[in-house]
Amino acid sequence: MNNIKLLDCTLRDGGYINDWEFGHDNIVSIFERVVDAGIDIIEIGFLDDRHPFDMNRSIMPDTDSVEKIYGKLNHKSTMVVGMIDYGTCDISHIKPCSESLLDGIRVIFKKHLREEALNFCAQLKKSGYKVFAQLVAVTSYTDDEILDLIRIANIVQPYAVSMVDTYGLMHQDNLMHYFGLLNNGLDPQIGLGYHAHNNFQMGYANCITMLSNKIERLMIVDGSLYGMGKSAGNAPLELLAMHMNDRYGKCYRIGQLLEAMDANITEFYHPAEWGYNMFYYLAAANDCHPNYVAYLMEKRTLSVNSVNEILGRLEGEKKLLFDKNYIETLYVNYQNNEVNDADDRKQLQLKITDAQLLIIGPGASIGKYKDKILQFVSDYKPIIVSINFIPDYLQPDYIFLSNSKRYVQLASKLSSSRQKIIATSNITAMGNERFNHVLNYSTLIDRDADIVDNSLIMLLKALMNLSVTDVWLAGCDGYSSRKSNYWNHAMEYDFIKDKADYLNKYTSDFLKFNKDKLNVKFLTETLYHL
């Protein structure tokens, strides 16, 4: 069966992992080994005129740059192609095919740009290139939109049209639905391709399913070495090559691919891992852009079930077009479980307003100043409130819970503890558990802040609402971009390090602004400034 081809996209799609900085030696080695393996088509990177030329990176501003990196290499019978994300490389930066190392150019585009993108493909074709029309997020196309795409493609006559499963949503039934529409509608001389992503671990299986169709049309499947690629990665090139050798009489030399994986790819796997994981499963399961999952998970305030429920509220075109303001609104609305907290506030006010109060945060200083804290507790007998954790050498009177994820992590300890719980209304109690006091989440957050639900600020706001005027803090150390600042390192969130300066300033400003209402004294060292 000679009308099937295997395309390697390691140097292009794999570049999302390392910002295309493979290093020149790796680029050359990957190219030569893929060519020596006999792979039919190799994609050597992006053409993107927003990026300056760099010999070590497989993202290049023009076709002259392709020549500088790959010009001295022998590509034998392998077709060499580059990729353009439509709108990122002007036609003026593309020399005619006769003056270029490239045999073809793949053009990716979103569905609303299909007509103008295919006109761009027509210009490239006039310059002598084999042109591939790559349908980004093919699962977002309606049948009518696919039929319109087919109409335009039959006019332009690209070398191939490829289904791009950008978010890894496809199973075999919808793959074959789109395959059927395109196969029945495209002129027979236009090839049909498929580019998989592995959010559902279906990339390899879907490629096999597509290849099993006995049609006369050229079929192309994409793969990358070790599955290296954006988000959950691609179908592994080495598995596809093995399958096509066994099933379709191909003679790809698998040993060369294994050598490239070992020598050139595995060094990038840690720490920037790719492949199937829960993160990408959530994106695929909700038919949404992976950035929505990242945005919610990085807040570290939600249980994974809550993340899943918020993603389920995404609607329409917004699902696949990431909108930070949109997801933030959904997040706040989800958390905003309004309750009438008048009775709870009244009860708490009677118990704590005139008492000596000590708030315990999870900072590293509670270990360093353990003796000082214990002495303070012995001398002043304060009411102790801990924030989203339980210290091991103190028995807090109250635990303030504002973070669903922390609550899930503490669930077993809380079930056997005697501490009373003050929870914000975004926390849902497990089973038959009831919180002692519930306060309205919406009255304690700051919708204008980068992180709307800072736990310490929320607690201090709650205390001010209860007419508390004096409070001691321990373990409220602030955030460090260089070292762990948590008593329990497992509580550290990596993303917070990038926001350390902002969070320290935000909290310091809050304390200064409210100093006439709330007298805050630190029992342990802190990065916050009054």
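# Close-up views of a predicted model

View 1. Val377 lies in helix α17, which spans residues 370-380. Helices (H or I, at least four residues) and strands (E, at least two) are DSSP runs, numbered from the N terminus. This is a predicted model, in which local features need pLDDT of at least 70 and side-chain atom pairs count only at pLDDT 80 or more, while totals for chains, interfaces and linings use all residues. Residues are numbered from 1 along each chain as its sequence is written, and side-chain values use heavy atoms, with hydrogens and water left out. Val377 has a relative accessible area of 18% and is therefore buried. Buried means under 20% relative accessible area, exposed over 50%, and partly exposed in between (1.4 Å probe, protein chains only). Leaving out residues up to four places away in sequence, Val377 touches Leu358, Pro382, Ile384 and Leu394. Contact means heavy atoms within 4.5 Å. Val377 and Leu394 are 17 residues apart along the chain, and their C-alpha atoms are separated by 9.2 Å.

**View 2. The whole protein, for orientation.** The protein has 21 helices and 16 strands. Of its 530 residues, 58% count as buried. Along the principal axes, the C-alpha atoms fill a box of roughly 85 × 45 × 45 Å. Among contacts between residues at least 6 apart in sequence, 70% join residues at least 24 apart.

**View 3. Ser58 in the loop between β2 and β3.** Strand β2 covers 41-47 and strand β3 covers 59-60, with Ser58 in the loop between them. The relative accessible area of Ser58 is 0%, so this residue is buried. Its side chain reaches the backbone oxygen of Leu11 at 2.6 Å. That is a polar contact, a pair of N or O atoms within 3.5 Å; within protein, one must be able to donate a hydrogen and the other to accept it, and residues adjacent in sequence count only if both atoms are side-chain atoms. Apart from neighbours within four places in sequence, Ser58 is in contact with residues including Leu11, Trp20, Phe22, Ile27 and Tyr70.

**View 4. Thr63 in helix α4.** Thr63 belongs to helix α4, residues 63-70. With 4% relative accessibility, Thr63 counts as buried. A polar atom of the Thr63 side chain lies 3.0 Å from the backbone nitrogen of Lys95. Not counting residues up to four places away in sequence, Thr63 touches Leu47, His93, Ile94, Lys95, Ser100, Leu102 and Tyr129.

**View 5. Helices α9 and α10.** The axes of α9 (residues 237-248) and α10 (residues 254-265) come within 10 Å and cross at roughly 175°. This makes α9 roughly antiparallel to α10. Axes are lines fitted to C-alpha atoms, for helices over the stretch in contact, and angles run from 0 to 180 degrees between N-to-C directions. Angles under 35 degrees count as roughly parallel, over 145 as roughly antiparallel, 65 to 115 as roughly perpendicular and the rest as oblique. Helix α9 contributes Leu237, Glu238, Ala241, Met242 and Asn245 to the contact, and α10 contributes Ile254, Leu257 and Met261. These residues divide into 6 nonpolar, 1 polar and 1 charged. Here Ala, Val, Leu, Ile, Met, Phe, Trp, Tyr, Cys and Pro count as nonpolar, Asp, Glu, Lys and Arg as charged, and the others, Gly among them, as polar.

**View 6. The buried residues of helix α8.** In α8 (residues 203-211), Gly203, Asn206, Cys207, Thr209, Met210 and Leu211 are buried. The elements that cover them include β1 (4-8), β7 (160-164), α7 (172-185), β8 (191-195), β9 (219-223) and α9.

View 7. Most residues other than glycine have a negative phi. Asp19 has a phi near 55° and lies in the loop between α2 (15-18) and α3 (24-36). Asp19 is partly exposed, with a relative accessible area of 43%. Gln157 has a phi of about 60° and is found in the loop between α6 (143-156) and β7. Gln157 counts as buried, at 18% relative accessibility.

**View 8. Cys89 and Cys121.** A disulfide is a pair of cysteine sulfur atoms within 2.5 Å. By this rule there are 0 disulfides. Cys89 is in no disulfide, and the nearest cysteine sulfur, that of Cys121, is 13 Å away, too far for a bond. Cys89 is buried at 3% relative accessible area, and Cys121 is buried at 0%.
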